[in-house]
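Here's a quick briefing to read alongside the model.

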Amino acid sequence: MIKYFVPKSLKEATEILSQNDCYILAGGTDLMVQKHRSASLLPTFEKDVLFTNEIKELDYIKVDKEGVHVGSVTKYEKMLKSAQIPDIFRKTIEQIASPGIRNMATMAGNIGNASPAGDTLVPLNVFDAYLVLSSTRGERKVLVSDYIIGVRKTIREKDEIIKEIVIPNLDLEFDYEKVGSRKAESISKVSFLGAYKLEGNIIKDFRVAFGSVSIKVVRDKEVEKKYIGLTKEEFINRKEEIVSDYSKLISPITDHRSTKEYRQKVACNLLSRFIDNIK
Amino acid sequence: MIPKYLTSVKKVDNEEKMAGLALFTDDIQVEGAYFAVTLRSEKAHAKILDIKVPTLPKDYYFISAKDIPGENVCNIIVDDWPVFADKETNYIGESIGLVVGPDKEKCLDLLNEFEVTYEELEPVFEMKDSYVHKEFTKGNVDLFKSSAKVFSESFETGYQEQAYLEPQGMLVYFDKDDGRLTVKASMQCPFYIHKAIMRVLNWPEEKIKVIQPAVGGAFGGKEHYPSLMGAQLATAINKIHHPIKMIFDRKEDVPFTTKRHPSKTDISAYLDDKNNLIGLKIHVNIDGGAYIGCSMVVLSRALIAATNTYTFENVEIIGDAYHTNKVPSAAFRGFGSPQSIFAMELFINHLADYLGVDRFVFKNKYHVKTGDVTSTSGIFRDEIVLDKIIEKAKKMSDFDRKFKEYSKPNSNRGIGISTFLHGCGFTGSGESTIINAQLKIKKDKNDIVTFYTSQVDFGQGNRTTLKRIVVDTLGIPEDHVIYDAPDTSKTLSTGPTAASRTIIIVGGLAAKAAQHLKDIWVSGKEQEIVEPYVGPSYIKWDEDKMQGDAYPGYAWGANVVEVSFDPVTYQVKVEHTWSVYDVGHAIDERIVIGQADGGLAQALGWSYLEKEEAVDGRFMQKKFSDYIVPTSMDLPEMETALIDNPFKYGAFGAKGAGELTFVGGAPAFALAFEQAIKKPVHKIPLTPELIMELVKDED
Ligand SMILES: Cc1cc2nc3c(=O)[nH]c(=O)nc-3n(C[C@H](O)[C@H](O)[C@H](O)COP(=O)(O)OP(=O)(O)OC[C@H]3O[C@@H](n4cnc5c(N)ncnc54)[C@H](O)[C@@H]3O)c2cc1C
């Protein structure tokens, strides 16, 4: 028999997880779709299910010197309405699904789902955001980029639950573009986030991430390092080299949504435009 | 009857729909109903050698061709579509049989245990085997031989899914009271289903009844396919004598039910040495899929519409519908004309460019005028106000200024205008020879009037408008008129809900019947009238030769679409649309505007978002997360104006509005887009992936 748990506290949840191998279900906007079978039939879960929705203590947005802490049951719509959430995250979330879905869905779910097309994963990577995983054994912090190791694959231990996501403070100029197949309710074909900081004429920080062009978000700190410290002019002059570096890093596929040629070209175009727009 | 005003009333189904009270097929509960799920072919073309049926538990059944008492054929205009694939299968997803039983889950599990052995045959996916060929000419096409130059182009359009909100579904049971086999389904044409069942069971008419519940959209997709489901479920209930429900999942509905015909249209303009146009040759090719079904009629309409709003002295029109091993293509809003009109609208602009003359002056020279001879040598009789329509559309959109401005290099913006027409009602003499609608209206002792049609309101509002026609004609209070959804045991056939015929034909019939009742009205007495359809006497049509007057009347329109283009992502944004329509007299303006916005939205979707790709006969896009219909966020502000031009034979002067609003969207979009990228377009949907290729071969 499949069991369903609706814990009311984090402690209760971790205790359940220490005893039972569960699906963790937050908004269910990924999980229910994956388990959908046929009209008028309920989805089937082959393991126990733990619902996080009633863990009210994890429904929060808090700010401290580490950054913004987003509790794992916090809905997107709440994030959208909160001035504490960095603008670039709100800009990303605004383009996810539609209000109905955003009233259910969570960022923890976006991370837990570990899809190459998860939209928040792109800014989370650029910010070096991390998770706090909780279990009866204690807590550990993991970078979002380390947590996800493949398509639908994470390093979560069976007894762990994402308690919160921490978005460190980051004061950069951003350029985000989601390229979907339409303006709403659309899965990204390519997404792009470029960020930089100019001090005087020097590129003090430079970060780039792409979504939907590889099994994981593509970000490469080695490549970024190569260009940090250049003057603006040097940086802009090396546009072709930068684009070529990233072009080699991404490996998109052709599927029923788009082609690898399109994804590759648009990713490069977005990066070029980002560089062109540096002022 | 003199037209009143363009007033709008509350739709009769507003409240039940808003409150969620309307019962759609799947909402209707019949105690103990079994479920049916479909065993589908995995091969595009193969012999079926053996079907290994798993051991079925008690109360579970497998229904296949063997169980059909009558003929294994579902007539959709012609007799080529089998109810169940028997010895051979012709497309992936074709029904081989049904698994029926009390628990849907169990039925689905059993489905996985079937083993079908095939012997694969060579499938055909390209348009090369024509199964319907038509051709006709107007004027003297021998003159083409003397031409000095020929300008030729080829245009392609893709599949389109109807994307109704409510998927296909059907419920069958025996009515306890009258014993009839009763069908409730999401459908357009109750009598089509009724007939399909008679054929498959060898039953007389009186043993069956088809009743329409609330229907959530159709767009042509529920014109024919429900007949197939009806024949299948009738076979099943005849064997097991138990109520059965079959509801398709979206992932079953999208890839396995009928679609809009993909097309390829070749047009050649023959010119003399002074660049005068001698005439045109137009060859329309449509992909009909595995069975002909209604493809021959779709082809007819495509051909008749091929010269669009232009009169050419000499034309040669050729059409082919092709057999391919793919899901049969069938009815969809516009019924072939959007494909050929798309080609013609682009071609005539390109031709003007080729000749180096002003597009608008050139088109104007050929615009249809009242009294002109149609391409099928009929006559455009009604008053044509095309020039007013164009003028108004241009003025509303500030067209001339924008057209000039956006033609500058790197504008990344464009504006396009299309003109178009739609013949209302069945093609040719179909209304009087095939359909022969008869409408019954009766009055009881309390002077309460009831009238009956077989017209389905699937959201487009005809329950409201038809009722209004009768109420207004009789001049009695609205609640003295009863007009229920069709039930084939109560109504005579007033024909299918298709071909933009409901208001022009059935509305006209309802008005006439009501007037006759009014003429003989005796208060307190039971009275009944059966009003037969009598077409305008001028309609003479030869379907074999494709000669004569093709339609009783035409509705007209112009669409203006403005787009912007992002050269970084190759995405297009529709910025604004303006439309002007002549639908005769709009009985209810709001309902017409609803059709206008919806029709254009659907056409825009077809133009740049909705891609359905068949790879080796298998559709790739199966759900709304990958088959991309426009959302409200994708749609711009849409401005629509109506030009009042009452039509003599329509109810209260009305012509058709349902399909007209679809046909001009794609060419207007494509013309706007061409201006934005400064390159000609020959193919839709213009997805960003295709646009990338278009733009690329420049650099
Ligand atoms: C119509 C529609 C449109 C969509 N559009 C977009 C879009 O534009 N962009 C996009 O990125 N996504 C989109 N999605 C996908 C989905 O909405 C998002 O991924 C969302 O963030 C998932 O959140 P959830 O709370 O619903 O996750 P759930 O479905 O509840 O869970 C998803 C995964 O995360 C795990 N999980 C959830 N909470 C925790 C936790 N606390 N600890 C550990 N693991 C956890 C679950 O076990 C599961 O594996 C769309 C979905 C739909 C149905």
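B:Thr465 touches B:Ile503, B:Ile587, B:Asp588 and B:Ile591, leaving out residues up to four places away in sequence; contact here means heavy atoms within 4.5 Å. Keep in mind that this is a predicted model, where local features need pLDDT of at least 70, side-chain atom pairs count only at pLDDT 80 or more, and totals for chains, interfaces and linings use all residues. As for bookkeeping, residues are numbered from 1 along each chain as its sequence is written, chains are lettered from A and ligands numbered from 1 in the order in which they are written, and side-chain values use heavy atoms, with hydrogens and water left out.

**B:Thr465**
- You'll find B:Thr465 in helix α12 (residues 462–474) of chain B; helices (H or I, at least four residues) and strands (E, at least two) are DSSP runs, numbered from the N terminus.
- B:Thr465 is buried, at a relative accessible area of 7%; buried means under 20%, exposed over 50% and partly exposed in between (1.4 Å probe, protein chains only).

**The ligand site**
- The ligand has 30 residues around it, and the closest are A:Ile24, A:Thr29, A:Asp30, A:Tyr76 and A:Thr106; to be near, a residue needs a heavy atom within 4 Å.
- A:Asp30 puts a polar side-chain atom 2.5 Å from an oxygen atom of the ligand.
- On its own the ligand has 970 Å² of accessible area, and the protein covers 89% of that; areas come from the Shrake-Rupley method with a 1.4 Å probe, and for residues only the protein chains shown count as cover.
- In chain A, β2 (22–25), α2 (31–34), α6 (107–113) and β10 (161–168) are the elements that give two or more residues to the shell, and α6(A) gives the most, with 4 residues.
- By type, the shell splits into 13 nonpolar, 12 polar and 5 charged residues; Ala, Val, Leu, Ile, Met, Phe, Trp, Tyr, Cys and Pro count as nonpolar, Asp, Glu, Lys and Arg as charged, and the others, Gly among them, as polar.

**Domains of chain A**
- Chain A is assigned domain 1 (4–167) and domain 2 (173–276), with bounds from an automatic or database domain assignment.
- Taken over C-alpha atoms, the two domain centres are 26 Å apart, and the contact takes 23 residues from domain 1 and 23 residues from domain 2.
- Each of the two domains supplies at least three residues to the ligand shell.

**A:Arg102**
- A:Arg102 sits in helix α5 (residues 99–102) of chain A and counts as buried at 9% relative accessibility.
- Its side chain makes a polar contact with the side chain of A:Glu77 at 2.7 Å; a polar contact is a pair of N or O atoms within 3.5 Å, and within protein one must be able to donate a hydrogen and the other to accept it, with residues adjacent in sequence counting only if both atoms are side-chain atoms.
- The A:Arg102 side chain also reaches the backbone oxygen of A:Ile96 at 2.9 Å.
- Leaving aside neighbours within four places in sequence, the contacts of A:Arg102 include A:Lys75, A:Tyr76 and A:Leu80.

**A:Arg152**
- A:Arg152 is in the loop between β8 (148–150) and β9 (153–154) of chain A.
- C-alpha to C-alpha, A:Arg152 and A:Ser115 are 5.8 Å apart in space, though 37 residues apart in sequence.
- The side chains of A:Arg152 and A:Asn113 are joined by a polar contact of 3.4 Å.
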